[in-house]
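Hi,

Here is the structure I promised to pass on. Have a look at it first, and my notes follow below.

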Amino acid sequence: MKFSLNWVAEYAKGLKNLKIEEITAGLWGALAEIESVEDLYSRYKDLKVAQVKAKKKHPNSDKLYIAQLDLGDKEVTVVAGAGNFEVGDFVPYTPVGVKVPVNAYPDKFDGVVRAMKLAGVVSNGMLNSEYELGISSDHSKIMILKGDNLKPGMSLAEALGLDDYIFEIENKSLTNRGDCFSIVGIARDASAIFNLEFTPPKFFDYSLDYIKNNLDNGSKKVKLNVNIHDKQACTRYSAIVLDNIKIKESPLWLKIKLSKHGIKPINNVVDITNYILLEFGQPLHAFDFDKIAKNDSLSINVRFAKNGESIDALDNKNHKLDSSILVIADDSKPIAIAGIIGGSDSAIDVNTKRVVIESANFNLYTIRKATMKLGIFTDASAVFSRKQDPNKTVQALFRAVELLKEYADAVVSSNLVDEYPNVLEPWYIKTSFTDIKNFVDKNIKNDVIVKILTKLGISVDANGDELTLLIPTYRPDLTIPEDIFEEIARIYGYQNILQELPKRGVYPVPYTKDERTINLIRNYFTSTGLYEIINFNFVNGDVYNKANVDSDDMYKIINAISPDVEYVRKLLLPSLIKNVEVNQKNFEKIGIFEIGKVFRQSMKYNDSNDEYPLYIPPKRFGKDEDGLPVEDKHIAGVVAFKTDDPIYYTAKLYLDGLFRRMHLKDLKYNHISEFSDKAKKQIPRWIIESLNMFKAGRVAIITLNYEDKNIYLGVLGEISQKVLSAFDIDLDIAAFELQFHLLSELADVDYRFVAPSKYPAVIQDLCFVVDKDVSYAAVKDAIFEVNKKMSSKGYEPLIRDVMCLDIYSDSKENKQITFRVTLQSYQKTLKDKDIQVWRKKIITSVSSKVGGVLKQA
Amino acid sequence: MDYNSILDTISKYKEEIFKLKDVKDLDLLNTEKSKFLGKHGVVNDLFKILKELPADKRKQAGKQINDFKNWCASWFDEKIQELKDEIIYSKESKRDIDLNAPWHINSKSRPEYFTEVANLHPLTLELEDILNIFRTMGFKVFEGRALDTDKYIFELLRLPKGHPARELWDTFYTEEGFIPTTHTSNMQVRVMRLLKKPPIRAVIYSKCFRNEAIDAVHSHTMYQVEGLYIDKDINVGNMLATIKTYLEGFFRRKIVSKVQPAHFPFVEPGIEYMIQCIFCEGKGCKSCKYTGWLEVLGAGMIHPGVLRNGGIDPTKYKGFAWGLGLDRMVMNKQGIDDIRSLQGMDLRLFKSK
């Protein structure tokens, strides 16, 4: 929405007395964001009004003329490209060194006028066409200025009213303020904001009866009737036929007003309808009566289009219509798309003699849907896409008739037709001074409240504290007391409102378990060198291809503007591997992790959903979430660098440390082949799917024994060569992905500190020889087993720590694992005998559990 | 040799090649490949014979040999790739490490943590900063839903289908009609229903999504932080003071602010909150696009209809809510002028100076 400050000031008396900064800040703070303020004057400030003293033909050219100009304080000679001026005429003049507002010859010069010879005669400046002044598209002749106040040498901007500012507010900012899509509406608001007198055009308050009487000149010739088929879609349709129309150029003041708002003047009839749209926010449409009437009679139908109908519209395109699009139709076919655009078959042209002027009101949703569907965005559709007051159609029509009488010689030729099935009456809002003050600011005075509301056109009936407010129909956005509170707040000024924090006491908000788990994970990983990544939830299907994971079970975006946002991720790792690809050129070693959401079509909240009995889903917000996607959260990490050792163990080091910090025990890293068929069925689908990214032999499923059940936490492994090649990654990668909520549920994230024993610790290094396929964990478990056994018999468990020193093999059959076992009591100093007993029990346990033999030194 | 015997030779060669289909020896395959396609291979021999043929058959035979050559090349290439994959796969399938051990058998070196201390993502750091400010002000923290329904994102917030204000959001849809949420306001009604009794003080954070192309200042993904405060006797001044207190905590300085009316159907009144540019103190610079002001958040008094949807009696309680874009805020605070730097996962950004 653009508006000229001068025009607004016509109806908000005294606005021009304020500083432009004050006006901008005031509107910004009380109405909406001002997108731009253009100082029109700066474009015209150096242009002058000149009077022609003498005119002669150019001696060397048939097309050129030489004019002697009076500029008040001096005279200049100018060569002109057109000869449509006479001695005594006032003309616009651009002096030497000044830029022409609109350059008609952009390929010939930069627009700055220079003293130059034209066919041998020096021209000191330029006479301008309307086109060059940005007033119309007419560049065929020199503009001739008319008026009583013209003086040679006066400022052109002043003479033409171009000493103006053009404000622009984005349409989106005024979605609920249909009334502000007009000069009158802006002026009304401005008069409230700046406490000015609101003086709308006089037709504004004319009653329907007054208008009907004035339009009835008793000599009707033609018949017009209107039939509204859908009273929801078309709330009101007013129209009238005018005869004797002389299509011609509009008066200069009208052309200037339109061009300031970026609307091209076309002819008097079109220009007047556009003028009223700007001034009053009521779109009008003019049809050529003779192109659609039969025997001086016209029946207009406002109906939904029939499937298969189409229309050639004024945008020179043919539009296919359907039954959701409201049209204006004659007996047989659509002649306009309601509220959006007219048809070319009924368009007015230079020969038009009789016109039908339409002034209607439509349902905003109907218009909006059609304008989106057809992709046609016009000034009318922008206005009708906001709620408009149906009570202004006839006033606007009357205004059009008055102007057309004056500027197009129009004569009324039909009755005023006004179909208005359900009249919209003003409505009441009840509130009180106290409610307003409690909501906005207790310091606002009652008389200030009354004044603000009155300025906005609201009738105030105050009975003690109670307020009964009558809301004018041009403010459909005001329906509840809160809407009134806003009016007070914005006009009173947000900057003037007393600001105080709520007085309620503050209670500490402790971190939740999930938050503490996340903090622990983040602290642990960053302090051990892994950077945190936040990848997009969206992912390109190609990333999954490369990662060797299919796109089954993934949510797909149907209106993605780029393949990068086509899918919603179901795993974190594919995107993290992609991160390695992007960063490998800058880093030799990359360590990253992410905690983020993953999504699967098959995972929805549902009371009967127990596909994975051991799965702990994220919390939900009640029963109403049934059928909604489960938003699972995963943790994933990647270490990438070149190494000859299996990089698996670097990633495992990270996980072992994390689990230790969470006090999680009895964790196992098992190969898929080690699970029974029954157990395999319980492994979550995401774990099975992610195995495809890894080297088949170097990937472990991480399980935790909890209350005698296997809890499946996630996967850890080395990324396969196939995936690395697909991503063009030269580094080795080990990676893990875990389900967060399980971990958070089972973890003990508090620190546990135990005071050290006062008695000395004893270290025993034990080297066991075991079969090559016996796992390290089995041996270690066998050692710890002794603690359990002894404490079950009532003895103090003495094994404090078991640390691996070496894993070695020089044969095909067996390997040697060396452990450092720390024995220590809290009750006494261990004697040699105690040590020997425990040593023996450890050796026996290892021997019986895994068949290991102590290697003799 | 005539034309027909060339064709016979080709089919004889093809048979020979087919016999190689079960070969698992990469060297053998390579030898066979060069036997057919090498400089002195049989295919080149066939080409040599060509000139012995009569001119009318020469072109036809040439085409046959050429087709065979191409077929042959792609057969061997595919077969070799297949076998290579197979070899890698069978190598990778070997259970050659103890998955439970701390390091590899006989390995001299021990796995180590990275030596450098790393950072959290800048967005996380700033998000935690914001959340902690609100925790100290008594706000509970919730993570919002990222994939949601029209009902929570729009309808319960008084944005029925076809509402013009929906134009503010370019919305993604999944095939099922779910929406990657366009704002954190989808959690307003949920949090009210969950916490039930005022005072309700909550902040909600989530990634939010708009169907927009990525450039220096736009992205399809943005973090938002939403706040709710519902209690008796809450007014516009409380809202403005709370927002200001938070912003001064976040930017660690006094701020100059201004407010402009804005329309969101779930608040009444609605506002946009702006602060004087913290870089140029209002003089105008690149960060504030030479306006002197930074738009930091949208806010408003919660609409009574939304309170009712959340099970709160609007005649007893009032509330305010706000939503701020975290990414823009972090960019403002850290002086990052391209959102792609912030979201692009280039680790060089995360190495704090």
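Strands β37 (residues 762-771) and β39 (residues 814-823) of chain A run antiparallel and are joined by ten bridges; A:Val762, for one, has A:Leu823 in β39(A) as its bridge partner. Bear in mind that this is a predicted model. The two strands belong to an open, antiparallel sheet of four, in the order β38-β39-β37-β40 (chain A). Its edges are β38 (799-808) and β40 (853-854) of chain A, each pairing on one side only.

Two helices go with this sheet. Helix α24 (residues 776-792) of chain A packs on it and touches β37, β38 and β39 of chain A, with its direction at about 155° to that of β38(A). Helix α25 (residues 832-850) of chain A lies across β37, β38, β39 and β40 of chain A, and runs at about 20° to β37(A).

A few I'd look up:

- A:Arg354 meets A:Asp290 at 2.7 Å, N to O. The two are 64 residues apart, with A:Asp290 in helix α9 (residues 289-292) of chain A. A:Arg354 counts as buried because its relative accessibility is 13%, while A:Asp290, at 40%, counts as partly exposed.
- A:Lys570 pairs with A:Glu689, closest N and O atoms 3.0 Å apart, so parts 119 residues apart in sequence are tied together. Both A:Lys570 and A:Glu689 are buried.
- B:Asp96 and A:Arg698 meet at 2.8 Å, N to O, and this pair crosses between chains. B:Asp96 is partly exposed (37%), whereas A:Arg698 is buried (15%).

Cheers

Definitions and conventions. Residues numbered from 1 in each chain as written. Chains lettered and ligands numbered in written order. Predicted model: local features only at pLDDT ≥ 70, side-chain atom pairs only at ≥ 80, totals over all residues. Heavy atoms only, no water. Pairing = 2+ DSSP bridges. Contact = heavy atoms within 4.5 Å. Axes fitted to C-alpha atoms, helices over the stretch in contact; angles between N-to-C directions. Salt bridge = Lys/Arg side-chain N within 4 Å of Asp/Glu carboxyl O. Buried < 20%, exposed > 50% of the residue type's maximum accessible area, 1.4 Å probe, protein only.
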